[in-house]
Amino acid sequence: MVTYNKTEKTNVETTPLNYILTCPEDVKKGEKLPLIVFLHGAGERGDDVNAVKIYCVPKLFVGDQSYHGLRAYTLSPQCPHNTTWIDYKKELMALIDSVIENNEIDAARVSLCGISMGGFGTWEMAMTYSDRFYKIAPLCGGGMNWRAWSLKMPIRVYHGGRDDVVPLCQSEAMVNAVKAQGGQVEFTVYDDLSHNCWDRAFEETDLIEWLIS
């Protein structure tokens, strides 16, 4: 089941967030399923939620029938024009809480992933709400590595070795900071790829299955 082109009025006074929500067709009352939250990159910002469907989680769960049988919800919000996910931390967390409250979702198994601007957003959300996420996967992002002490959940990081948009050193700094604090992190560098490492990560690895396992 797919719900999209919809706005959620959160309990934070701000512009509502458009989002795409998917779930299996046969969810049973009382069944608690995992949730994957996906944060898109800068190119998908705006007010047409269909733009969010072109990459990764929403692309797979809306458009690829083989993913429809996975027992998980997915939430793919849309960031408004000329803003970043860091501008919408409280609103995004309020949206996640609302979706959990109104669906058959296990609040202890909420994973977060994102690409480029969404990779930065993933790091930031996880450091701000470190007790709320089961696993995270930032792709070609970065963040304030001095705050990485709060990251205790399992983490997978992906980056293209030839990235000329977000330098590889951004991910390296975060990974090194997590490791220095004894955190659980796997780091994959695709030496032959530039900025778009997400197609390979999402479509040629077990990343989706790992996020909900």
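Author: Welcome! Contact means heavy atoms within 4.5 Å. This is a predicted model, in which local features need pLDDT of at least 70 and side-chain atom pairs pLDDT 80 or more, while totals for chains, interfaces and linings use all residues. Residues are numbered from 1 along each chain as its sequence is written, and side-chain values use heavy atoms, without hydrogens and water.

Reader: Which residues is Phe133 in contact with, leaving aside its neighbours within four places in sequence?

Author: Phe133 belongs to the largest nonpolar core, where it is listed with Leu35 and Trp123 among the residues touching the most other members. Such a core joins buried Ala, Val, Leu, Ile, Met, Phe, Trp, Tyr and Cys through side-chain atoms within 4.5 Å. With those neighbours left aside, the contacts of Phe133 are Met93, Ile96, Val110, Leu112, Met125, Ala126 and Met153.

Reader: At what angle do α2 and α3 pack?

Author: Lys89, Leu92 and Met93 of α2 meet Glu124, Met125 and Thr128 of α3. These contact residues divide into three nonpolar, one polar and two charged. The two helices count as roughly perpendicular (65 to 115 degrees). Their axes, lines fitted to C-alpha atoms over the stretch in contact, lie 11 Å apart, at an angle of about 75°.

How values were computed
Axes fitted to C-alpha atoms, helices over the stretch in contact; angles between N-to-C directions. Helix = DSSP H or I, 4+ residues; strand = E, 2+ residues; numbered from the N terminus. Parallel < 35°, antiparallel > 145°, perpendicular 65-115°, else oblique. Nonpolar A, V, L, I, M, F, W, Y, C, P; charged D, E, K, R; others polar. Buried < 20%, exposed > 50% of the residue type's maximum accessible area, 1.4 Å probe, protein only.
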